[in-house]
Amino acid sequence: MSELTVAEATENIYASLRADNAEIDAHIAALKAALTREGMKEAVFDPAKLAQGNRSGRKLMQAYFRQRGVSVKFSD
């Protein structure tokens, strides 16, 4: 697997979410590696690009990513 930037890994996650979570765990692992390489501590997602951008959907996403070692926050 080639080394992705955080932005590329984030876009892959958006695409996976639109495709009914296809290969989401692989994309989360790639995002985690990209965050580590770039020295970042958390990923930032735009709630408008999520299938469920409401509070419940955001909290579910944060919990799922946290279980896989990625801290998530959302842009305003």
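In this predicted model, the largest pocket has a volume of about 340 Å³. Its lining is formed by Leu17, Asn21, Ile24, Leu50, Ala51, Gln52, Gly57, Leu60, Met61, Tyr64 and Phe65. Helix 3, which spans residues 55-67, supplies the largest share of this lining, namely five residues. When the lining of the largest pocket is sorted by class, eight residues are nonpolar and three are polar, while no charged residue is found there.

Two packed helices are described by the angle between their axes and by the distance between those axes. For helix 1 (residues 6-18) and helix 2 (residues 24-38), the packing angle is about 165° and the axes lie 9 Å apart. Helix 1 is therefore roughly antiparallel to helix 2, since angles over 145 degrees are counted in that class. The crossing of these two helices, helix 1 and helix 2, is left-handed.

On the side of helix 1, the contact involves Val6, Ala9, Thr10, Asn12, Ile13, Ser16 and Leu17, and these residues meet Ile24, His27, Ile28, Ala30, Leu31, Ala34, Leu35 and Glu38 of helix 2. The residues of this contact between helix 1 and helix 2 comprise ten nonpolar, four polar and one charged. Leu17 and Ile24, which belong to the contact of helix 1 with helix 2, are also listed in the lining of the largest pocket.

Note on methods. Residues numbered from 1 in each chain as written. Predicted model: local features only at pLDDT ≥ 70, side-chain atom pairs only at ≥ 80, totals over all residues. Heavy atoms only, no water. Axes fitted to C-alpha atoms, helices over the stretch in contact; angles between N-to-C directions. Helix = DSSP H or I, 4+ residues; strand = E, 2+ residues; numbered from the N terminus. Parallel < 35°, antiparallel > 145°, perpendicular 65-115°, else oblique. Left-handed = near helix turned anticlockwise from the far one by under 90°. Contact = heavy atoms within 4.5 Å. Nonpolar A, V, L, I, M, F, W, Y, C, P; charged D, E, K, R; others polar. 1 Å grid on protein atoms, 1.4 Å probe; cavity = no way out; pocket = protein on both sides within 12 Å on 5 of 7 lines; lining within 4 Å. Points joined across faces, edges and corners; volume = space filled by probe spheres on them.
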